[in-house]
Structure formats: structure tokens, C-alpha cells
Amino acid sequence: MSSDTQTQNRPRRLLFVDDDAAFLANMRELFDALAKGRWDMHFAQNHAQAMTALQKEKFDLIVVDIGMPVVDGVQFLRLLNRAHPGQQVVMLTGQATEERRKECLELGALLFLEKPTAPGGFESIFAALDSLANVTHSEGFRGMMRRVGLQEVLQLECLGAKSSVLEVFTGKSRGRIFIKDGAIIHAEQGSLLGEVALYSLLALRGGEFNLRPFAAPAQRTIQGQWEFLLMEAARLSDEGGLPAAEPAAPDPEPKPKHHASDTDFFAATFTPEDPGETRIEEVVLCSGTGEVLYDWQCKSLERRLNLLEQVQDQAAQLSSVAPVGRLERVEIFTNEGRLICQILPDRQLFVRSSGGVR
């Protein structure tokens, strides 16, 4: 049996997100009877549970209630667009308005449905969802993204544990970044390879990109964790230490490869006193409102969240007493490594690393 046939015959995976446990129980009982084994149903009572489920498996369709506390359905739809672009989403609400319907459809929702008031009305809801869940999509990437940075694209691919090749090109430069299962494993740009090429491509201030299906590179040149790589690229950009983007060579003949370990490059971008490799020890990623979206190896999540909150409060106080602009990142150096707190309007990030202490 071909993989396409197996895909068509497997039960469709649907995720229902609603804060009303009784409603979800009724949905399970009713739709199990209607689906007759065609659906593999999953349930979440808030956006955090839903994001955890999305980290474990893919869903053919997500059905989201609008009226949820903390992060409502519309906010969650915006989050899905960033973290899982292309995910099929249907919005469901008991209080439908034309403004909400328009907003959800403009954000990419496939349907905006009103919760039926009678049990019989759910049969039409089921029919609509069943039709959408059985739509077969071709593999690959399509679509358009406007005003987006390469770091955001990489973050979305890595958070989603995707495998792809990000092609980057301008009028004078061209390169590729290879992502496998959410890890950045290789980059190339002109004669540059590895982290050098990655940082060079991230230094570009304008151009175009394509996301292609993954194809294995000839070699793996990057071993670091993606969180640190993107944070280091941002630091180098702020300090003016990123290498200049190298134009694509017009000559088709291969040039000698300039590897990431070459000392002539690192003399210009890294201090020679750096004693060793930097290792990421823990990561916490939150939404702009402080809701946890992702945490890794964090043994004291509450303390980390308190630290981010304190940094945000101190940044606000500093901005109110002096025209210093917006504070976006704080770095704290310790004997073991460093702590990085990044505060942005749409997200907050905590990273603790060890090694590489100057």
C-alpha cells in the first residue's frame, strides 16, 4: 500500500480547544457516534495544552472556541499563524458577531461557525468539519509572507520541529539554511559555511526567501542549539560584529571552502579569550502577555517567569524616567555562563547558557 493511500485511509486527527470541559465531553460523545472511527479526536481546555499537543503530533484540523480566558480564540489563532503556519483552523463560538467573523477569516480561519443551540444542529457542524478534515493537501510550501525577518522564519521552523531548506537571496547574495527536525544543521552562502554563513545571511536587511522541502546537505557544519544561534546572531547584529554578506560568485567553478573554524574570520567577530563552547542549559519562551509557550529543561519555571516579569517592570520604569528608548535584552554574566532575558512586545525569552564566559 502506498504512503498516499495510507494517509487517505487513516483517521483524521482533530484537536478541539475549549475551556468548557462539559462541552468537550458532549462533543466527544456526539462526534464519536457520527464519525464512526473516521476521526481521532483530541481535546485541550486552553492554549497551553493545545500547544503541547501540537508539539507531539500534527492535526488535520483544529477547532477553537473564541470565548476562552487568558488567551482567547482570536489571540490563539494569531499564535498558531506564527508557530504553525498553514495549520487548518475553524473558529467556533456561542456569541457570533460580524466583526469577529471578519477578523477571524482575515486571520486565516477556514470557517467561522456558531455553536448550535439544539443537538440536531451539531450534525451540520460535523458535516462541515468532516469535509475540511478530509481535504488532501500537497506537500511542500506555498504562499507569501510580508515584512518578516529571517530570524522569525527560522524560529517558526525550529519551534515546529520542521525539516526544510530556507533559501535566501538578494540581488547580490544567495544562500541556504538547512533545518532538520527543528535543528539548524548547516548553512552556506557563497564560499562561507556553517555558523559564519548563518550569521552572514541573518545580517541581510532585505531580500526574498523560499522554504523548500528538506534535502540533506553534503555535510553538517552546525552543532549548536537553535535558540543560542539566533540569540548570538541578534547580539552580533547589535554590536556590529556580523560578517558582511558575501555576493554569490558569478564564476560557476567551485571556490575553496571557507570553514567556520578559520581563525581569520573569528579574529574579526569573536574575542580570542573565549575559552570554550557555549552550551544552552535551559530555555523559556512566553507570549507578550507572559503565557508560557515553550520551556526546555527548566527546573524552576516560576522563578524564571518572575525574573522576566521583574525585567519587564524595570524596563518600563527606566523608560518612564529617562528618554532611553525601549529596553529589549538584559544579559547577566556569572561564573558558570550567562543569563539572557529578551523582552519584546509579542514575546519574552529566557536563556541560560554555560561555558564561553569571558
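**Aromatic rings, a helix pair and a buried aspartate**

Let's start at a ring: the charged end of Lys 115 sits over the ring of Phe 23, 4.2 Å from its centre (NZ of Lys or CZ of Arg within 6 Å of the ring centre and within 35 degrees of the ring normal). Please keep in mind that this is a predicted model, where local features need pLDDT of at least 70, side-chain atom pairs count only at pLDDT 80 or more, and totals for chains, interfaces and linings use all residues. Residues are numbered from 1 along each chain as its sequence is written, and side-chain values use heavy atoms, with hydrogens and water left out.

Searching the whole structure turns up eight aromatic pairs (rings of Phe, Tyr and Trp, the last by its six-membered ring, with centres within 6.5 Å; planes under 30 degrees apart are stacked, over 60 edge-to-face and the rest tilted). Phe 16 and Phe 43 make a stacked pair, because their ring centres are 5.6 Å apart and their planes lie at 25°. This pair links distant parts of the chain, 27 residues apart: Phe 16 belongs to strand E1 (residues 12-17) and Phe 43 to strand E2 (residues 39-44). Strands (E, at least two residues) and helices (H or I, at least four) are DSSP runs numbered from the N terminus. Phe 16 is buried at 2% relative accessibility, while Phe 43, at 22%, is partly exposed (buried is under 20% relative accessible area, exposed over 50%, partly exposed in between, with a 1.4 Å probe and protein chains only).

Back at Phe 23, its ring forms a tilted pair with Phe 122, at 6.2 Å centre to centre and 45° between the planes.

Now to two helices. The axes of H7 (residues 150-159) and H8 (residues 194-202) come within 9 Å and cross at roughly 125° (lines fitted to C-alpha atoms over the stretch in contact, with angles from 0 to 180 degrees between N-to-C directions). H7 and H8 are therefore oblique to each other (under 35 degrees is roughly parallel, over 145 roughly antiparallel, 65 to 115 roughly perpendicular, the rest oblique).

Finally, Asp 60 lies in the loop between helix H3 (47-56) and strand E3 (61-65). With a relative accessible area of 16%, Asp 60 is buried.
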